[in-house]
Amino acid sequence: MLSNENKTYEHGLAHGHAPHEGVHDLSDDVTVGASTLSELNSSAKVGEDEPQPGLNPGNGSLDRVRVDSSGQALTTNQGVLVADNQNSLKAGLRGPTLMEDFILREKITHFDHERIPERVVHARGSGAHGYFECIESLADITKAHLFSVVGKRTPVFVRFSTVAGERGSADTVRDTRGFATKFYTDEGNWDLVGNNIPVFFIQDAMKFPDLVHAVKPEPHHAMPQASSAHDTFWDFISLMPESIHHTMWVMSDRGIPRSYRTMQGFGVHTFRFVNEDNRSVFVKFHWLPVAGTHSLVWDEAAKIAGADPDFHRRDLWESIEAQIYPEYELAIQTFTEEQADRFSFDVLDATKIVPEELVPLRVVGRMVLNRNPDNFFAETEQVAFCAAHVVPGIDFSNDPLLHGRIHSYMDTQLTRLGGPNFHEIPINASMAEVHNNQRDGMHRQAIHRGRVAYEPNSAAGGCPFQAGASGFVSFPQPVFEDKVRGKPEKFADHYSQAQLFWRSQTPVEKSHIIAAFRFELSRVTMGAVRRRMVSMLANVHAELAQAVADGLGLGEVPPAQPLTMELDARSAQELEASAGLSLFARPGQIGAVGRRVAVLVSDGVDLCALQAVKLALGNAGIVPRWVATRLGQVKSTDGQRVEVEASLEAMPSVLWDAVVVLGAHSTLLADRGNGQFVEFLKDQYRHCKPMLLIGWYVDQLDDLGLPATLPDGQTDPGLLVTSALEDGALDDFIEAVAQHRHFDRETDPPTV
């Protein structure tokens, strides 16, 4: 190599747009790239195979690190067999423990260091493996390989999470949920680090620490845990009008999803697709659950947090174990810069959506989660997502919040995972081989062959060399503006899309939003903050502001906060409502599959009816379990015994999607002594869940304190009462379960 020929291509705009591949050469002599001429002296440890130039075996499957100790004896971390794992080494049976006990010291020392710093946000999470399958080629708009061929499958790992709570907090708190997907593509890892809400509280990453400090437990007494219902959060929000759109979403039922299986996901930001011709379009990403979008109700969510804090984690795990695999469609919205300029809002503003009526969703793939992790810590806890992880064909827009995340996610992993080599942790390692000159650092795994760790070089034939145009090339967007701290004028429209969201909700959803604001602000102790927040809601809708003011005992609504700018007239003209903003817009494609139904039994149960219930529900994909006051057995009418699978106290009403009461009225009412039976049914009714009572009459509902009809006197389609198991009763019940909730019976405050 007489000179560095690459220097010719380092200058000028043309070379910047189309980088050249680095000059390189390969030698037939394997010793050229060796670290030492003694490398052929093999052993069981250093390896016995011939050197394989150009190979990084560290990017293989997780099988290379999966450990199975079946049939194996205990060892130390150095591989020494442990003779006694019950007793420390002592000077005599009653003497002091000896410092020389290296086995004890290693075991205790490792135990003392097993915990790592939790994530600052998204600490509470659950994950699963699966695959993404392309169902429509996007080769015309992106060169990303995972979208290139119909049927192409890409391994994924997904982590769902809450945002505010600590690692041990409950799953069902009201919060935004993280929906992060790591695609192990053949071009490297792509991390789509999104949420279950398509907008964010803030517009610029500069405010992210302030937001998180406000929502976290207040620093003087470290309360409340995993809750936004406190002074500092609402003090901050009421002074940040750009937050109102996201706040409307999280106060809606989106903030308390039924499960991760029934939760949408969004990329939040506007990204770019770039094709082989270097032409670009903007793109937004949407995950659509095949099971539909369904939520909890607040009273139910609060009770679940006490009954089963792991509710969402357990649901995800058990669904995969039962082969009811969570599935999501990937939909995109694509539009040009010219189209974006015509919108009344700025697509670089993370507090705004692009309504589906303006740019329809286009389903281009599907994701199936079909394998649980082998080890929660090694996979779910150590997985490291980063908004900066993209592959050729996917690029960033100028969203200022996105740009802050590009830095922040990488930065936080350095502390959490112990240094710059977290990419070598197996769950984070790409399937594409890694070859670069990055060396050393804490916990380095790769053993690099050769003496070259720089570029350009001639000693290693110029390798590894820059890939040129086949590598990642940033989209060359022209920039002709001043260096300045500020926001575009369109960013100042804080209320138009919050108003659109409110107008797009059903009456039931609106009542839940009002109740959520009422609850949260009732926990605020600063009256000025409550009034200021209501004055912000006055800019969203008068009905909303008045209802919240009434709930807080304020009487009149305070004057609306002044607008940062006059609302763009185009905002009102664009859209009156957007149907996709309602949870009810996506009921799902799988009906009642995966729903959990409690079948309440007691002595005197009809075994034939019980078997018929089990068969019908099982055929519909529903998971029934026999529930009674206590574990043990109940005796059927013909004297046979039925094993009880769950008790009322261990598995209360809130953990079930629906209930079948199967037994004689008089026998079951004998359970009223402990109140659990009646309370179970009242909660099922109050939370608007389907109920089937077999062996009952309508007038016997009075004994439970349950109304036989809806508040308006109409028949309740979710409350089925039959004196015997009649034809069609189970079919009607299964249809009612598929509807998820029957909100027509809901009142505020509840009558039951």
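Q: What is the accessible surface of the protein chain, and what percentage of it belongs to carbon and sulfur atoms?
A: In this predicted model, the accessible surface of the protein chain comes to about 35600 Å². The share that belongs to carbon and sulfur atoms is 53%.

Q: What percentage of the 752 residues in the protein chain is buried?
A: A residue counts as buried when its relative accessible area is under 20%. Among the 752 residues of the protein chain, the buried share is 48%.

Q: What radius of gyration does the protein chain have, and which value would a compact globule have?
A: The C-alpha atoms fill a box of roughly 100 × 80 × 55 Å along the principal axes. For 752 residues, a compact globule would have a radius of gyration near 27 Å. The value for the protein chain agrees with this, at 30 Å.

Q: How many helices and strands does the protein chain have, and which helix holds S535?
A: The secondary structure comes to 19 helices and 18 strands. S535 falls within residues 527-537, which form helix α13.

Q: Is S535 buried or exposed?
A: The relative accessibility of S535 is 6%. The cut-off for buried is under 20%. Because S535 has 6% relative accessibility, S535 counts as buried.

Q: Which residue has its backbone oxygen 2.6 Å from a polar atom of the side chain of S535?
A: Beyond its neighbours within four places in sequence, S535 is in contact with P558, P559, A560 and Q561. The backbone oxygen that lies 2.6 Å from a polar atom of the S535 side chain belongs to R532.

Definitions and conventions. Residues numbered from 1 in each chain as written. Predicted model: local features only at pLDDT ≥ 70, side-chain atom pairs only at ≥ 80, totals over all residues. Heavy atoms only, no water. Helix = DSSP H or I, 4+ residues; strand = E, 2+ residues; numbered from the N terminus. Rg over C-alpha atoms; globule rule 2.2 N^0.38 Å. Buried < 20%, exposed > 50% of the residue type's maximum accessible area, 1.4 Å probe, protein only. Areas by Shrake-Rupley, 256 points an atom, 1.4 Å probe, with all protein chains shown as cover. Polar contact = N/O pair within 3.5 Å; in protein donor to acceptor, adjacent residues only side chain to side chain. Contact = heavy atoms within 4.5 Å.
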